[in-house]
Amino acid sequence: MALFGNAHAIDPAQASQDYARLLGHGEQVHAAYLLIRDTILFTDRRLILVDKQGITGKKTEYHSIPYRSITHFAVETAGTFDLDAELKIWLSGSQMPITKTFTKGVDIYEVQAILTQFVAR
């Protein structure tokens with residue numbers, strides 16, 4: 001699953017309110033990123049991918065990925081000519097990574113640190 005576009009950080013408190021129906025009792029959003037119409041939520045329990053579909057974006061698919069199913073991940077920093085950074089996440093049982101593209105305004109090292117915090121548990 002590869003989603004294309006550029007992500008930027010959004011307020012975790014606002015994301016918690018916007019997606020409260022997706023969160024379990026006591027689950028907290030630690031970081032959130034908006035990817036054109038889609039959203040990536042890093043909670044204390046899982047990674048949530050919100051995939052808006054169709055022209056209107058009214059149809060939405062929610063992917064819940066427990067951190068324990070992430071086998072490894074990679075970050076690619078922005079370069080001189082390629083201004084976007086990438087995050088790739090591999091899940092157990094899948095050969096193709098989930099790929100997310102972030103604008104230069106997002107600290108990809110921060111994204112990596114968030115993932116490391118939860119995956120390494």
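What radius of gyration would a compact globule of 121 residues have, and what does the chain have? A globule like that would come in near 14 Å, and the chain has 14 Å, so the two agree. Keep in mind that this is a predicted model.

Now for the layout. You'll find two helices and eight strands here, and starting at the N terminus they run β-α-β-β-β-β-β-β-β-α. Here are some overall values for the chain:

| Feature | Value |
|---|---|
| Span of the C-alpha trace along the principal axes | about 40 × 35 × 30 Å |
| Distance between the centres of the positive and negative side chains | 8 Å |

On to the inside. Buried residues account for 40% of the 121 in the chain. In soluble globular proteins, nonpolar side chains tend to be buried together. The largest nonpolar core here has 21 residues, and the ones touching the most other members are Y33, F42, L47, L87, I89, F102 and V111. Two or more residues each come from β2 (29-35), β3 (38-43), β4 (46-53), β7 (85-91), β8 (98-102) and α2 (108-119), with α2 giving the most, five residues.

Beyond its neighbours within four places in sequence, F42 is in contact with residues including Y33, L47, Y67, L87, V111, I114 and L115. Apart from this core lies another one, of eight residues, among them A15, Y19, L23 and I48.

Technical notes. Residues numbered from 1 in each chain as written. Predicted model: local features only at pLDDT ≥ 70, side-chain atom pairs only at ≥ 80, totals over all residues. Heavy atoms only, no water. Helix = DSSP H or I, 4+ residues; strand = E, 2+ residues; numbered from the N terminus. Rg over C-alpha atoms; globule rule 2.2 N^0.38 Å. Buried < 20%, exposed > 50% of the residue type's maximum accessible area, 1.4 Å probe, protein only. Lys, Arg positive; Asp, Glu negative; His and termini not counted. Charge placed at Lys NZ, Arg CZ, Asp CG, Glu CD. Core = buried A, V, L, I, M, F, W, Y, C linked by side-chain atoms within 4.5 Å. Contact = heavy atoms within 4.5 Å.
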